[in-house]
Amino acid sequence: MLKQLSMAPRSRKQLADKLRQRGCPEDVGARVLDRMEAVGLVDDEAYAQMTVRSKQATRGLAKRALAHDLRGKGVADTTIEGALGSIDAESERALAEAVAGKTMRRLAGLDPQIQARRLAGVLARKGYPPSVVYAVVRDAVNDAPEHQRD
């Protein structure tokens with residue numbers, strides 16, 4: 001169990017699944033996890049906040065994708081809402097623009113329609129809402145240096 005935590009932070013459900021996988025009885029696993037929670041080794045709130053910060057910084061994920069990821073790891077909805085509470089519409093839009101900027105460098109020289117389609121796909125897969133995707137794609141493609149008039 002401690003080996004699992006030493007590799008990377010884990011949610012309570014992930015640790016419970018690992019114990020179950022190793023043949024540990026449910027009641028024993030629950031007591032172990034309760035004790036680990038009591039001493040601060042297992043903390044779903046801290047795990048959720050760390051995951052949100054990390055995945056936004058490294059992968060540029062939007063709130064929807066982050067919530068989906070945390071739900072899959074067994075984090076409670078109230079904990080997820082708390083971790084995502086610091087992300088407002090403006091910061092999510094700014095993150096989408098940063099992702100678009102990186103993506104547009106790879107798409108330089110392509111037809112504007114192809115750029116728009118590919119960029120929209122990237123942003124949609126990262127969980128951005130359609131209204132943000134549309135606005136960011138429009139701005140990114142229109143502001144691309146190869147589409148500017150001399």
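Select Thr-103 and Val-99: a polar atom of the Thr-103 side chain lies 2.9 Å from the backbone oxygen of Val-99. This is a predicted model, where local features need pLDDT of at least 70, side-chain atom pairs count only at pLDDT 80 or more, and totals for chains, interfaces and linings use all residues. Residues are numbered from 1 along each chain as its sequence is written, and side-chain values use heavy atoms, with hydrogens and water left out.

Stay on Thr-103. Is Thr-103 buried or exposed? Thr-103 is buried, with a relative accessible area of 5% (buried means under 20%, exposed over 50%, partly exposed in between, with a 1.4 Å probe and protein chains only). Now show its contacts (heavy atoms within 4.5 Å). Beyond neighbours within four places in sequence, Thr-103 touches Leu-119 and Val-122.

Jump to Ala-46. Ala-46 sits in helix α4, residues 44-59. Ala-46 is partly exposed, at 39% relative accessible area.

Zoom out. The protein has 9 helices and 0 strands. Its C-alpha trace spans about 70 × 25 × 20 Å along the principal axes. Of the 150 residues, 37% count as buried.

Terms used:
Helices (H or I, at least four residues) and strands (E, at least two) are DSSP runs, numbered from the N terminus. A polar contact is a pair of N or O atoms within 3.5 Å; within protein, one must be able to donate a hydrogen and the other to accept it, and residues adjacent in sequence count only if both atoms are side-chain atoms.
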